[in-house]
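Here are my notes on this one, jotted down while clicking through the model. Have it open next to you as you read.

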Amino acid sequence: MLSSVFVSGRVGASPFPGYRYIEVDRPVPDGEGRMKIDRFLVKDALGGSSRFMKLSDGSLVIFKGRLETDPEHGLVLVEELSESYASSIRKD
């Protein structure tokens, strides 16, 4: 696998079925002293049935995954293995 990534951040909203955003704080503040947040689109390798997809918004998570090009959404992260630090699961 050439595109292995490790990401830590907060779980964000679900813009499309089977996808979530992960929000990552940049380590260096901008010129005004504020921390910027990068949002990455994440797809579940199991098709939406993993624990990662059921976490509530704002939960802290670290996951291992890979980069993949999606025809509809462009570059996405594919979550393969995750560990959450806020064990709140949504009751969907």
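1. First, the pairing of the last two strands. Keep in mind that this is a predicted model. Strand β4 (residues 60-70) runs antiparallel to strand β5 (residues 74-84), and the two share 10 bridges. Val61 sits opposite Ser84 in β5.

2. Now the overall fold. A barrel is closed by 5 strands in the order β1-β2-β3-β5-β4, with mixed pairing. Neighbouring strands of the sheet are turned by 55° against each other on average, direction ignored.

3. On to the inside. The largest nonpolar core counts 12 residues, among them Val5, Ile22, Val42, Phe52 and Phe63. At least two residues each come from β1 (4-11), β2 (19-25), α1 (51-54) and β4, and β1 gives the most, with 3 residues. Take a look at Val42: beyond its neighbours within four places in sequence, its contacts include Ile22, Phe52, Phe63 and Leu77, as well as Arg20 and Glu79.

4. Charges next: the whole structure has 8 salt bridges. Arg20 and Asp57 form one of them, with the closest N and O atoms 2.7 Å apart. Asp57 is in the loop between α1 and β4 while Arg20 is in strand β2, so this pair ties together parts 37 residues apart in sequence. Arg20 is buried, at 0% relative accessible area, whereas Asp57 is partly exposed at 49%.

5. Finally, Arg66 and Glu80 make a salt bridge at 2.5 Å between the closest N and O atoms. Arg66 belongs to strand β4 and Glu80 to strand β5. Both also belong to a salt-bridge network with Lys43, Lys64 and Glu68.

Terms used:
Residues numbered from 1 in each chain as written. Predicted model: local features only at pLDDT ≥ 70, side-chain atom pairs only at ≥ 80, totals over all residues. Heavy atoms only, no water. Pairing = 2+ DSSP bridges. Helix = DSSP H or I, 4+ residues; strand = E, 2+ residues; numbered from the N terminus. Axes fitted to C-alpha atoms, helices over the stretch in contact; angles between N-to-C directions. Core = buried A, V, L, I, M, F, W, Y, C linked by side-chain atoms within 4.5 Å. Buried < 20%, exposed > 50% of the residue type's maximum accessible area, 1.4 Å probe, protein only. Contact = heavy atoms within 4.5 Å. Salt bridge = Lys/Arg side-chain N within 4 Å of Asp/Glu carboxyl O.
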